[in-house]
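User: Please take a close look at the aromatic pairs in this structure. I would like one connected account.

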Amino acid sequence: MPGKWTRDQMARRVAQDIPDGAVVNLGIGLPTAVANHLPEGREVVLHSENGVIGMGPAPAAGQEDYDLINAGKQPVTLLPGGCFFHHADSFAMMRGGHLDVCVLGAFQVSAGGDLANWHTGAKDAIPAVGGAMDLAIGAKKTFVMMEHTTKSGDSKIVPACTYPLTGIGCVSRIYTDLAVLDITPDGVAVLEMAEGLSFDELQKVTAVPLRPATSTATA
């Protein structure tokens, strides 16, 4: 399909929407790349549920310290003022409403903003909820970063989630390799589409009705 964003382009687009001064958790998988694309001059405090705050971009090759990792076991860097602490304190931050934004991956997101990202229900799948439930409900805003469709071409944006739920009505914005979409009371609104992709093409691979936002853009 024409007009797909790369994973780095997706991460860069998410980073654009993170406000200056925000405390942000980046979930395991695709969202971790957002740390490498935060705009220069913007202060964003990155948090990881295993007990790290004040992370910087990924370390350069050969500079990794595997005693300093994020929740996905990836080596990270610390900016001045960054620190690490017990994971119980980290979960208190998450549950206490101290995170402005969390960016999570997902298996499915419903038109109403329900999130399913910890288990597909398949017999051979390994459930791995981690801190996703705490993040999805505890953060002031929950963004999802995911591929628009499964490997078999099924839409990951659905009328109702068929996988076990992580959180109900918690997702406000979805970033995929095809578009940026908002969950609104009036349905799923398309904010941006990848270059070369038409609205009709996007609708064909999306299992819920879409509507243009008031200022739909192509990037």
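Analyst: Buried means under 20% relative accessible area, exposed means over 50%, and partly exposed lies in between (1.4 Å probe, protein chains only). The model is predicted: local features need pLDDT of at least 70, side-chain atom pairs count only at pLDDT 80 or more, and totals for chains, interfaces and linings use all residues. Residues are numbered from 1 along each chain as its sequence is written, and side-chain values use heavy atoms, with hydrogens and water left out.

Rings of Phe, Tyr and Trp (its six-membered ring) count as a pair if their centres lie within 6.5 Å; planes under 30 degrees apart are stacked, over 60 edge-to-face, and the rest tilted. A search of the whole structure gives 2 aromatic pairs. One is Phe107 with Tyr163, edge-to-face, at 6.1 Å centre to centre and 85° between the planes. This pair links distant parts of the chain, 56 residues apart: Phe107 is in the loop between β5 (101–104) and β6 (108–110), and Tyr163 in the loop between β9 (157–158) and β10 (171–175). Strands here are DSSP runs (E, at least two residues), numbered from the N terminus. Phe107 is partly exposed, with a relative accessible area of 33%; Tyr163 is also partly exposed, at 27%.

Phe143 and Tyr175 also pair: their ring centres are 5.5 Å apart and their planes are at 65°, so the pair is edge-to-face. Because Phe143 lies in strand β8 (residues 141–145) and Tyr175 in strand β10, the pair ties together parts 32 residues apart in sequence. Phe143 and Tyr175 are both buried.

Methods:
Helix = DSSP H or I, 4+ residues; strand = E, 2+ residues; numbered from the N terminus.
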